[in-house]
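Subject: Handover of a structure and notes on its features

Dear colleague,

Please find below the structure that I am passing on to you. My notes on what was found in it follow directly after it.

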Amino acid sequence: MAFSERVDRLKSSLIREILAAAQRPEVMSFAGGLPAEPMLPEVSWERMPASIGQYGMSEGEPALREAIAEQARALGVPCAASQVLVLSGSQQALDLVSKLYIDKGTEVLLEAPTYLAALQSFQLFGADCLTVPLQADGIDLQVLRARLQRHKPAFAYLIPTFQNPSGMRYSAAKREAVAALLDEFGVTLLEDEPYRDLVFDEVEARPVVSHLRKSSWIYMGTLSKTLLPGLRVGYLIATPDLFPHLLRLKQAADLHTNRIGQWQALQWLGSEHYRQHLQALRLFYRERRDAMQLALEEHFGDIAQWHLPQGGLFFWLALKQPVDTRVLLQAALARNVAFMPGEAFFVEPERNPGYLRLNFSHVAPERMGEGLRRLAEVVRAEQKV
Ligand code: PMP
């Protein structure tokens, strides 16, 4: 059958396969990035007007756009509601931005490691991915400068706050320095911050786009991690030179984001009950983060290194003696433990063995010790082979 050229580039998603295996009730899954089930708030549809069921505007509901813009301005992002595009999950921003910029061979700049589904989207459209390694306080500035001196990427895709997969957060100084570099080389920034509100401390970390003076930018956010992923309500905010193009692409993709989800989002955003829910969420996740840290110290202290994440959903383990973690996964699943192999998050998997992404939001604290004990056993056995 004659499918499009790009379909050949579509790799099967390792995540989907792992999540399917992790569905078995006996499996302790550190693999996904799902919000914890007990923390999904109960929502009511009682006061929803019937007119919400009508077709809506491609831009999104005006009141929701206003609420999103207000929240972004409070973070230091200079924007008006007219720059907000409500999306079917922030994932849709990756699709629209890919369509806007990427032809076969278009260069884009990414962190290594980076978000798997972003990589898939960019590669589907044929991007050449330039990568810059991450350090404990953010992207490696020297390598970034070197890349920009030689290449002119269509945009840089960065996840500066509790990155997926590494859990790392850029320091304030690095945020400013990255913005200065992108301005200097005239590179557009695509900044993705789904985990910003899942924060356990109060360190000042304004979005990188708020430091830009010249470059165009697109800022992505979502209600998936703090409210309900099933609502599929996310958004992008774009500079006025980019917004009309993204709006047209949105229109062509799905006319508009579902209004029922948008209506629900609006009941929460900026409300007192949302503020209280966020506080409860942070305490809940922090407790799980602490439980995982303790269990890791006990079982992985001598075989891996990691940083304590200050928010988000993930630990990122680097094995001192690297093994192919895709092979490791099969052995772990046989012991009813799931995790995400680090290779999946790299453009060059073969050159980056030995990393594991561990989600700390899903498994109950009292079971984490047992899960990580089994996983450590599997690692040790694999290292002996
Ligand atoms: N970006 C990153 C870095 C993510 O981790 C996710 C969710 N896994 C998304 C974007 C997309 O989230 P959503 O479409 O639910 O808003």
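A residue is called buried here if 20 or more other C-beta atoms lie within 10 Å of its own, and exposed if 12 or fewer do. By that rule, 45% of the 385 residues of the protein chain count as buried. Please bear in mind that this is a predicted model.

Overall form

The protein chain contains eleven helices and 14 strands. Its C-alpha trace spans about 60 × 55 × 55 Å along the principal axes. A compact globule with 385 residues would have a radius of gyration near 21 Å, and the protein chain agrees with this because its own value is 21 Å. Among the contacts in the protein chain with a separation of 6 or more, 74% are between residues 24 or more positions apart.

The UniProt record, an unreviewed entry, places the feature "domain: Aminotransferase class I/classII large" at residues 51–375. That span is 40% helix and 18% strand, and its end C-alpha atoms lie 52 Å apart.

Surroundings of the ligand

Which residues come nearest to the ligand? Of the 13 residues around the ligand, these are Gly89, Ser90, Gln91, Thr222 and Ser224. Sorted by class, the shell consists of four nonpolar, eight polar and one charged residues.

Helix α5

Helix α5 covers residues 141–150, and its buried residues are Leu144, Arg147 and Leu148. Seen down the axis of α5, these buried residues fall within an arc of 95 degrees, so they line one face of the helix. The face turned away from the buried side of α5 carries the exposed residues Gln142, Ala146, Gln149 and Arg150. The cover over the buried residues of α5 includes the strands β3 (107–112), β4 (128–135) and β5 (138–139), together with helix α6 (172–185).

Trp268

Trp268 lies in helix α8, which is formed by residues 259–268. Trp268 counts as buried because it has 21 C-beta neighbours inside 10 Å. Leaving aside residues up to four places away in sequence, Trp268 touches Leu227 and Tyr274. Trp268 and Val143 are 125 residues apart along the chain, and their C-alpha atoms are separated by 41 Å.

Backbone details in the loops

Where are the cis peptide bonds described here? One runs from Ala112 to Pro113, with omega near 5 degrees. Pro113 lies in the loop between β3 and α4 (116–124). Another cis peptide bond joins Asn164 and Pro165, with omega about 20 degrees. Pro165 belongs to the loop between β6 (155–158) and α6.

Phe162 is also placed in the loop between β6 and α6. Phi of Phe162 is near 55 degrees, a positive value in a residue other than glycine. Phe162 is buried, because 25 other C-beta atoms lie within 10 Å.

Arg232 likewise has a positive phi, near 55 degrees, and is a residue other than glycine. The loop between β8 (217–222) and β9 (234–238) holds Arg232. With 20 C-beta neighbours inside 10 Å, Arg232 counts as buried, since the rule asks for 20 or more.

Yours sincerely,
A colleague

Conventions. Residues are numbered from 1 along each chain as its sequence is written. This is a predicted model: local features need pLDDT of at least 70, side-chain atom pairs count only at pLDDT 80 or more; totals for chains, interfaces and linings use all residues. A residue is near a molecule or strand if its C-beta atom, placed from the backbone, lies within 6 Å of it. Ala, Val, Leu, Ile, Met, Phe, Trp, Tyr, Cys and Pro count as nonpolar, Asp, Glu, Lys and Arg as charged, and the others, Gly among them, as polar. UniProt positions are given in the numbering used here, feature names are shortened, and annotations may be inferred rather than shown by experiment. Helices (H or I, at least four residues) and strands (E, at least two) are DSSP runs, numbered from the N terminus. The arc is that of the directions from the helix axis to the C-beta atoms. Two residues are in contact if their C-beta atoms, placed from the backbone, lie within 7 Å. The radius of gyration is taken over C-alpha atoms; the globule rule is 2.2 Å times the number of residues to the power 0.38.
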